[in-house]
Every structure is written in C-alpha cells, then in structure tokens.
Amino acid sequence: MSVDVRELGGKPGTQEHLDRTVATPADFSAVLVGFREGGELHLDLRLESVHEGVLLTGTASAEVTGQCSRCLDAIAYSATVDLMQLFTHPGREADGEAEDERLIGEDLTIDLEPLLRDLMVSTLPFQPVCREDCPGLCSQCGFRMEDDPEHAHEQIDPRWAALADLADGLQDPEDSSGERS
C-alpha cells in the first residue's frame with residue numbers, strides 16, 4: 001500500500017488528493033477486535049509538498065469486527081481515524097528530533113501500511129463491549145447474565161464449608177415415617 005509522490009517532489013505548495021478504497025492488510029487487530037483482513041479500507045488523503053518533504057493529512061475508515069469482552073457476542077462498527085504525518089526526503093531527516101519520523105522511499109513512494117497500522121490499531125478498545133451496560137457472563141458457570149439478571153450462586157464461606165458438608169452427612173432425626181427415633 002504505497003503512494004507515488006514524484007509529482008510533488010521539490011514543488012512546495014503542490015497538492016494531490018487521493019480517494020481510494022483498498023483491502024485491509026493482515027494484523028490490523030488487537031486481541032478481541034480488529035479490522036477485518038481483506039475488508040474495505042477507505043482512504044481520503046491529501047498529500048501536500050512542503051520544504052521538508054510531503055505532509056499527509058486525511059482519514060482512513062474501515063469496519064471493526066470482534067467479540068464483546070464481557071459476553072463474547074459478536075460486535076461490528078465502523079471506525080474512522082484522522083491521519084497527519086510528515087514524510088521527509090531521504091537525507092533531510094532531523095537529527096533525532098522526532099522519533100516517529102517517516103521517510104519517502106528512494107523510489108519516491110510513501111509506504112502507508114506502517115502508519116495506518118500504528119494509528120488504526122491504537123484506536124481499538126482494549127476491552128470492547130457490545131454495549132456499555134452489558135452484564136456479561138456468570139464468573140462461576142458461564143451463564144448469560146442478560147437472560148436472567150437475578151442469576152446467582154449460593155456463596156458459602158470457605159471456612160464453614162467443612163461444617164456444611166458435615167451437616168449434609170447427618171441423618172434427619174425423624175425417619176421416613178414421621179416418627180422420632
């Protein structure tokens with residue numbers, strides 16, 4: 001995913017508009033969500049020649065798919081990321097001023113994939129949810145809490161668990177006929 005910037009070289013103030021839809025590359029994802037590989041990635045970019053190189057601004061939009069971190073239901077939504085990056089000509093890079101500095105290739109092209117991966121993946125939620133009030137799953141049995149919000153398990157204090165087992169083992173003082181022994 002590269003853009004040819006030959007027409008912009010050495011002409012500060014020259015602009016080019018790029019409106020393109022490409023396939024989303026692999027590994028544009030986090031643990032539970034990501035941009036679907038091969039899905040449509042819409043780029044609306046402006047490339048402007050400046051003294052230092054080429055200034056790229058615009059947006060990138062794609063569909064995010066994955067799973068809710070609470071209930072594991074499928075989620076999907078559209079995401080748009082704002083882009084702004086200066087690409088410098090080889091040999092003109094600043095001496096350690098900017099660590100995220102990107103270079104224009106020797107063939108006068110800009111490789112967009114690393115920039116898009118960095119910016120788009122960083123916008124993905126660490127713990128995605130299908131909705132803000134998603135109750136999730138029961139931590140003990142995996143039951144969908146949305147199906148029965150009152151779902152609960154009897155919690156026995158572990159210090160008393162041995163006594164509860166002992167009580168279960170004791171026989172009822174009344175036998176099955178209802179008479180006392």
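The following dialogue explains how to read several features of this predicted model.

Q: Which conventions apply to the numbering and to the model?
A: Residues are numbered from 1 along each chain as its sequence is written, and side-chain values use heavy atoms, with hydrogens and water left out. As the model is predicted, local features need pLDDT of at least 70 and side-chain atom pairs count only at pLDDT 80 or more, whereas totals for chains, interfaces and linings use all residues.

Q: How many disulfides does a search of the whole structure find?
A: A disulfide is a covalent bond between the sulfur atoms of two cysteines. The criterion here is a pair of cysteine sulfur atoms within 2.5 Å. The search of the whole structure finds zero disulfides. Cys-130 is in none, and its nearest cysteine sulfur, that of Cys-134, is 3.7 Å away.

Q: Is Cys-134 buried or exposed?
A: Buried means under 20% relative accessible area, exposed over 50%, and partly exposed in between (1.4 Å probe, protein chains only). Cys-134 is buried, at 7%, while Cys-130 is partly exposed, at 32%.

Q: In which sense do strands β5 and β6 pair?
A: Strands are DSSP runs of E with at least two residues, and helices are runs of H or I with at least four, numbered from the N terminus. Two strands pair if DSSP finds at least two bridges between them. Strand β5 (residues 53-67) and strand β6 (residues 74-88) are antiparallel, with 15 bridges. Thr-65 stands opposite Ala-76 in β6. Six residues lie between the strands of this hairpin, in which Leu-72 takes a positive phi near 65 degrees.

Q: How many bridges join β6 to strand β7?
A: Two bridges join β6 to β7 (residues 102-103), and these strands run parallel. Here Thr-88 stands opposite Leu-103 in β7.

Q: With which side chain does that of Arg-102 make a polar contact?
A: A polar contact is a pair of N or O atoms within 3.5 Å; within protein, one must be able to donate a hydrogen and the other to accept it, and residues adjacent in sequence count only if both atoms are side-chain atoms. The side chain of Arg-102 makes such a contact with the side chain of Asp-118, at 2.8 Å. Arg-102 lies in strand β7 and is buried, at 18% relative accessibility.

Q: Is Leu-166 buried or exposed?
A: Leu-166, found in helix α2 (residues 161-169), counts as exposed at 51% relative accessibility.
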